[in-house]
Amino acid sequence: MHTELGIDIQRALELLQEGKQVAVPTETVYGLAADANHEDAVLGIFAAKNRPHANPLILHFDHLASAEPYMLAFPAVFKLLYQSFCPGPLTFIVPKSSLVSELITGGQETVAIRFPKHQVLQDLLKEFGRPIAAPSANLYGQLSPTTAQHVYSQLNGRIPYILDGGACDQGLESTIIGLENERVLIYRYGSITAEQLAVHLGYTPEAKIHEHGGIRTSGMVKYHYATQTPLYLGFKNKQGQAADLQILLSDDQTVSEPKMILSQSGSLTEAAQNLYATLHAADAIGVERIFVEPFPQDGLGAAMNDRLSRAAAKFSSND
Ligand code: TXA
Ligand code: MG
């Protein structure tokens with residue numbers, strides 16, 4: 001299959017209407033979109049990514065009213081968070097209605113819904129008038145894409161069209177939350193931090209990022225977000241070997257080359273924007289090993305440490 005890369009929203013719309021898969025920009029990472037109400041279109045997402053069917057997909061909507069028919073309830077506390085953060089990088093796990101196919105949810109009774117902020121995707125959703133299912137537009141287990149070019153390098157030949165909407169603003173996937181015993185829980189760390197949620201909740205939501213009770217989120221898969229080059233979370237040493245690349249939050253003159261810096265000013269927001277792009281670049285330059293300095297474990301640092309430790313798990317375990 002020939003993969004075209006362009007900025008033609010109308011073309012993307014037509015392909016979605018035909019039940020095809022299209023990579024689309026979001027404010028977090030690029031998504032691999034298809035008509036959520038069309039079984040073959042959804043199956044095509046799993047096929048293009050080599051993704052196991054048990055791993056459920058997020059439904060994307062332009063706003064809450066469009067999502068309501070697809071869920072049985074949207075708790076008041078979610079409405080509050082919706083008003084504060086949406087459209088934006090927050091995904092809600094809610095009980096699904098009968099309109100949502102088991103293909104989307106991996107057989108679970110809950111569905112993940114999200115209201116993306118990127119204007120191009122907003123326009124597409126409004127025109128399309130149906131939910132769009134979209135996981136991140138990478139091959140299963142590999143690095144998430146934050147540019148159209150990243151998508152092309154992994155999915156070339158597997159999908160007909162990549163809609164280029166520029167580099168993603170946030171650079172990290174959405175935060176996934178659920179509600180259990182009247183408390184909001186974080187199922188996947190992401191662009192919205194626990195601290196930001198706490199301002200509205202009056203308490204800091206606990207993270208529940210390990211497999212439990214049949215709930216599956218990508219954060220719960222052990223190997224994920226991985227580079228091809230062996231990657232380690234940890235600071236190697238000041239005088240690294242030439243074959244080892246070190247990725248640092250901010251520059252440290254005492255660390256030798258080769259190194260890459262995520263933010264000259266040490267900003268976690270900027271580091272999150274640059275993280276995947278830096279890992280894609282690091283993967284492409286042909287070093288033997290990549291070492292990434294762990295981030296402080298709060299705010300976006302928690303989300304970045306989570307992604308990196310899952311990438312590193314692929315290289316540091318024998319199973
Ligand atoms: O920022 C994002 O969320 C991006 C953009 C494209 O929207 N999407 C994304 O999708 O990261 P994906 O599929 O790569 O990760 C979403 C995760 C899935 O791995 C899945 O396990 C989890 O959301 N998920 C989906 N439905 C769920 C459900 N009903 N219960 C628990 N987790 C669910
Ligand atoms: Mg993903």
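Helix H9 passes helix H10 in a left-handed crossing. Left-handed here means that the near helix is turned anticlockwise from the far one by less than a right angle; clockwise would be right-handed. Helices (H or I, at least four residues) and strands (E, at least two) are DSSP runs, numbered from the N terminus. The model is predicted: local features need pLDDT of at least 70, side-chain atom pairs count only at pLDDT 80 or more, and totals for chains, interfaces and linings use all residues. Residues are numbered from 1 along each chain as its sequence is written, chains are lettered from A and ligands numbered from 1 in the order in which they are written, and side-chain values use heavy atoms, leaving out hydrogens and water.

Two packed helices are described by the angle between their axes and the distance between the axes. H9 spans residues 268–284 and H10 spans residues 300–316. Their angle is about 20 degrees, and their axes lie 9 Å apart. Axes are lines fitted to C-alpha atoms, for helices over the stretch in contact, and angles run from 0 to 180 degrees between N-to-C directions. The angle therefore makes H9 roughly parallel to H10 (under 35 degrees; over 145 is roughly antiparallel, 65 to 115 roughly perpendicular, the rest oblique).

Which residues meet? H9 brings Leu268, Thr269, Ala271, Ala272, Leu275, Tyr276 and Leu279, and H10 brings Leu300, Gly301, Met304, Arg307 and Leu308. Contact means heavy atoms within 4.5 Å. By class, this H9–H10 contact has nine nonpolar residues, two polar and one charged. Ala, Val, Leu, Ile, Met, Phe, Trp, Tyr, Cys and Pro count as nonpolar, Asp, Glu, Lys and Arg as charged, and the others, Gly among them, as polar.

Now the largest pocket. It holds about 190 Å³ of space. Of its 14 lining residues, Pro89, Gln170, Ser191, Ile192 and Gln196 are the closest to its centre. Strand E5 (88–95) and H9 are the elements that give two or more residues to the lining. H9 gives the most, with three. The lining has six nonpolar, six polar and two charged residues.

Finally, the backbone. The peptide bond from Cys86 to Pro87 is cis, with omega near 0 degrees. Pro87 sits in the loop between helix H4 (76–85) and E5. The bond from Glu257 to Pro258 is also cis, with omega near -5 degrees. Pro258 lies in the loop between strands E13 (244–248) and E14 (259–261).

Notes: On a 1 Å grid over the protein atoms alone, a cavity is a set of points where a 1.4 Å probe fits but cannot get out, and a pocket is an open set with protein on both sides within 12 Å along at least five of seven lines; lining residues have an atom within 4 Å of a point. Grid points are joined across faces, edges and corners, and a volume is the space filled by probe spheres set on the points.
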